[in-house]
Structures are given as structure tokens and as C-alpha cells.
Amino acid sequence: MTMTTDVSNQPTALARRLALMLLLLRLSVFLVFLVWALDKFLNPEHTAAVFDGSYGISNLVPIASYILGALQLAISIGFVLGIAKFFTYGMILVMHAVSTFASFPYYLDPYASPNLLFFTAWPMLAACCALFVLRKEDTIALSFGSKQPPNVPE
């Protein structure tokens with residue numbers, strides 16, 4: 001990833017601010033996906049109810065919820081760490097887009113409880129799109145003490 005640079009070959013203030021904002025978006029989207037993934041482990045009945053009500057998939061067994069939770073958690077961790085950006089950012093975008101569009105009936109009656117809460121999916125979908133499109137500018141790595149090579153290509 002190459003940031004816009006000035007004559008001294010240092011990242012511009014705009015590139016640094018953009019990278020910081022993309023990191024904050026990535027962390028906030030990760031937080032939502034982390035809670036959703038953990039819910040699949042802690043409350044598989046809720047997952048079954050969501051799949052029945054939103055996707056028309058009934059009788060989801062707990063093991064399926066655990067497998068989905070593990071996959072979602074693995075992708076989410078890769079996403080927050082900035083690993084394989086095309087795949088992880090893309091999967092986050094696809095998972096959230098499917099969830100957002102599957103909730104379409106709730107948008108038609110926004111003032112019936114709790115339908116108004118479903119509208120929060122739209123700004124998060126925009127954030128997921130922005131992160132995918134700007135993934136090469138999302139350059140602040142979360143390394144947690146390990147040395148990570150700078151600007152490793154995807």
C-alpha cells in the first residue's frame with residue numbers, strides 16, 4: 001500500500017487521518033461482528049430464530065450455530081487484524097449485506113417495535129463498503145506486540 005506522500009516521502013496529514021478513521025471503522029464493525037459471532041455460541045436458539053425468521057431456514061441445530069459462529073469469528077479476527085484484506089473485508093461486506101437485505105420487510109413498517117433498530121444496518125453497510133473499497137488505504141495494523149512487516153501486499 002502506498003500512501004500519498006509529500007516531497008520528504010512521508011505520509012501526508014490526509015493519508016494519516018484517513019488511515020486512522022479507517023482503523024476506527026474497522027474496530028467498530030469488528031465489535032458488532034464479534035458480538036454476533038459470540039451470540040451464536042452463547043445463544044444458539046436465537047441464531048435458529050433469526051435464520052427461521054429472516055432467511056426461511058428452520059430447525060437450525062445448535063452445532064450449525066457453533067460452526068457458523070466459528071467461521072464468523074475467524075473471518076472477523078482476520079478482518080480486524082487486516083489479514084487477506086480482499087477476502088476478509090469482502091466477506092464482512094457480503095455477510096452484512098445479506099443480513100441487511102434479508103431484513104427488508106422490517107424496513108416497510110419502521111415504527112413497529114423493534115423495526116426501527118433495523119435501520120442501523122444501513123450506515124454499517126456503508127462503513128463495510130467504504131472499508132472494502134478503501135482497504136489499501138487502511139494501513140494501521142494491529143500487531144499486538146509482534147513485529148509486522150510494513151506494507152505487506154495482499
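Me: Are the rings of phenylalanine 51 and tyrosine 55 stacked, edge-to-face or tilted?
Reply: A pair of aromatic rings is described by the distance of the centres and the angle of the planes. For phenylalanine 51 and tyrosine 55, the centres are 5.0 Å apart and the planes meet at 55°. Stacked needs planes under 30 degrees apart and edge-to-face needs over 60, so this angle makes the pair tilted.

Me: What is the angle between the planes of tyrosine 106 and phenylalanine 118?
Reply: Tyrosine 106 sits in helix α5 and phenylalanine 118 in the loop between α5 and α6, so this pair ties together parts that are twelve residues apart in sequence. Tyrosine 106 is partly exposed at 27% relative accessible area, and phenylalanine 118 is partly exposed at 27% as well. Their ring centres are 4.2 Å apart, and the pair is stacked, with an angle between the planes of 5°.

Me: How many aromatic pairs does a search of the whole structure find?
Reply: Aromatic rings also gather into a cluster here, made of Phe101, Phe104, Tyr107, Phe119 and Trp122. Across the whole structure, the number of aromatic pairs found is ten.

Me: Which residue forms a salt bridge with aspartate 138?
Reply: The structure holds one salt bridge. It links distant parts of the chain, 112 residues apart: aspartate 138 is in the segment after α6, and its partner is in helix α1. The closest N and O atoms are 2.8 Å apart, and the partner is arginine 26.

Me: Which residues does serine 65 contact, leaving aside its neighbours within four places in sequence?
Reply: Serine 65 is placed in helix α3. With a relative accessibility of 0%, serine 65 counts as buried. Beyond its sequence neighbours, serine 65 is in contact with Lys40, Pro44 and Thr47.

Me: Which element gives the largest share of the nonpolar patch?
Reply: On the surface, Leu38, Phe41, Leu42, Val61, Ile63, Tyr66, Ile67 and Leu71 form a nonpolar patch with about 750 Å² of accessible area together. Two elements give two or more residues to it, α1 and α3. Valine 61, by contrast, is placed in the loop between α2 and α3. The largest share, four residues, comes from α3.

Me: What is phi of asparagine 59 near?
Reply: Most residues other than glycine have a negative phi. Asparagine 59 is placed in the loop between α2 and α3, and at 72% relative accessibility it counts as exposed. Its phi is positive although the residue is not a glycine, and the value is near 60°.

Me: Which residues does the cis peptide bond join?
Reply: Most peptide bonds are trans. Here is a cis one, with omega at about -5°. Proline 114, one of its two residues, lies in the loop between α5 and α6. The cis bond joins serine 113 and proline 114.

Me: Over which residues does pLDDT stay under 50?
Reply: The protein averages a pLDDT of 88, and 86% of the residues score at least 70. Where pLDDT is low, the predicted coordinates should not be read in detail. The stretch where pLDDT stays under 50 is residues 148-154.

Conventions: Residues numbered from 1 in each chain as written. Predicted model: local features only at pLDDT ≥ 70, side-chain atom pairs only at ≥ 80, totals over all residues. Heavy atoms only, no water. Patch = residues over 30% accessible without salt bridge, like charges linked within 9 Å, V, L, I, M, F, W, Y side chains within 5 Å. Areas by Shrake-Rupley, 256 points an atom, 1.4 Å probe, with all protein chains shown as cover. Salt bridge = Lys/Arg side-chain N within 4 Å of Asp/Glu carboxyl O. pLDDT = per-residue confidence, 0-100. Contact = heavy atoms within 4.5 Å. Buried < 20%, exposed > 50% of the residue type's maximum accessible area, 1.4 Å probe, protein only. Phe/Tyr/Trp six-rings, centres within 6.5 Å; stacked < 30°, edge-to-face > 60°.
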